[in-house]
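Subject: Structure handover

Hi,

Here is the structure for your set. My notes on what turned up follow below it.

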Amino acid sequence: MNETQAWRDAAMGRNDCDRLDSEEWDGPVRQYFGFWNGDDWASNFHPAPFVVDWGDTDGSATKLQFECSEQWFIFRKAWRFHDQTAMDAVMQPGLEPRQYKAIGRGVKGFDVVVWDRESSGYMFEALMFKFTQNPELAKQLTDTGDQVLVECSPFDTIWGAGLGKQTKDGRADDRWKDSCNWRGKNKLGFLLMDVRDILNAGATPFDFQYRPFIELIPQLDRPANKLYKWIYPEFHQEGVIPLSWCDYGPAVDQWWDLIYETPGWEDFHAVLEDSGIDPWKTLESGNYAQLNAKQVQALMTWLTRRERSDEGTIGESLENGWLLNLLKRLRGIGGDVEQDR
């Protein structure tokens, strides 16, 4: 469970409708892979047994076996709303996936607002258990390459695309192969793509989330005159971005993309407030030794957001050594994580 929780923080939400729309604003650029019912290996109904070390209320752990990802998802739903009867029911042997789903519909104390906020995390767990403990299914997932994965359910507009592969009269329907046609959010398809990214990376959760930042240290750890060329390009350089009173080069745009594509950036205000961190005082102190990875990410995001709102510049952050020293602190945290493994 601990490893899966770490992966939730590091990777969940990398793929979503907004990111796909930005890639395909002028039409599909990738192939699409569609699935739906239990005959499809990507479906939650597909047989895929796995074992979870489940923490009991007394602090001990019990090994629980699940037959498919749907069973875990409904178990977590019952657990979230404190329905012990439903938890026991979903763990009965010999049930079919549709019966798990039926139990889930009857969970007592259900709160739709809470479930909308938290259910993606439980689904992500289900998929991680499914694919990390079933190598043949993991291979099928990674074999999809960079295709967009789509749950082709004509009935589900949350986990699926709201479109099937056939019309009601049985004719082939290819509208699901273009996201602009979707009637649903396709949350299951995107979570599968998150898990695929993890399987392909072969990295620890920390490296997966933060290694691209750490790899920028050599770019920033150099004399000021070279730093300014990194930020402010020659006017004829390809990819120059006009912003406010100056023009930025592609490297700065890549930094922005990295900030906004790394899961957890949206929480930067909450992280800073919950930690009692005053961004200005912390940055100007130069003492980052007590910061954890989330706090470092929050400060880097805070600086970048100031840039976007025209309240500061990346040049200022680099000139004062703030970004470089934050990245070095992140590298140090990574070294500690590696030693603890």
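Helices α1 (residues 2-11) and α6 (residues 112-132) cross in the right-handed sense. Right-handed means that the near helix is turned clockwise from the far one by less than a right angle, left-handed anticlockwise. Their axes lie 10 Å apart, at an angle of about 120°. Axes here are lines fitted to C-alpha atoms, over the stretch in contact for helices, and angles run from 0 to 180 degrees between N-to-C directions. The α1 and α6 pair is therefore oblique. The classes are roughly parallel under 35 degrees, roughly antiparallel over 145, roughly perpendicular from 65 to 115, and oblique for the rest.

From α1, Thr4, Gln5, Trp7 and Arg8 make the contact (heavy atoms within 4.5 Å). They meet Gly121, Tyr122, Phe124, Glu125, Met128 and Phe129 of α6. By class that is 5 nonpolar, 3 polar and 2 charged residues. Nonpolar covers Ala, Val, Leu, Ile, Met, Phe, Trp, Tyr, Cys and Pro; charged covers Asp, Glu, Lys and Arg; the others, Gly among them, are polar.

This is a predicted model, where local features need pLDDT of at least 70 and side-chain atom pairs pLDDT 80 or more, while totals for chains, interfaces and linings use all residues. Residues are numbered from 1 along each chain as its sequence is written, and side-chain values use heavy atoms, with hydrogens and water left out. Helices (H or I, at least four residues) and strands (E, at least two) are DSSP runs, numbered from the N terminus.

Next, α3 (residues 69-80) and α5 (residues 97-105). Their axes come within 9 Å and cross at roughly 15°. The two helices are therefore roughly parallel. Their crossing is left-handed. Glu70, Gln71, Ile74 and Lys77 of α3 make the contact with Pro97, Tyr100, Lys101, Ile103, Gly104 and Arg105 of α5. The tally is 4 nonpolar, 2 polar and 4 charged residues.

Now the strands. β2 (residues 50-55) alternates. β2 pairs with β3 (residues 61-66) in the antiparallel sense, over 6 bridges. Pairing takes at least two DSSP bridges. Phe50 sits opposite Phe66 of β3.

Last, Thr282 in α14 (residues 279-285). Its relative accessibility is 14%, so Thr282 counts as buried. Leaving out residues up to four places away in sequence, Thr282 touches Ile277, Asn287, Tyr288, Leu291 and Leu299.

Best wishes

Notes: Buried < 20%, exposed > 50% of the residue type's maximum accessible area, 1.4 Å probe, protein only.
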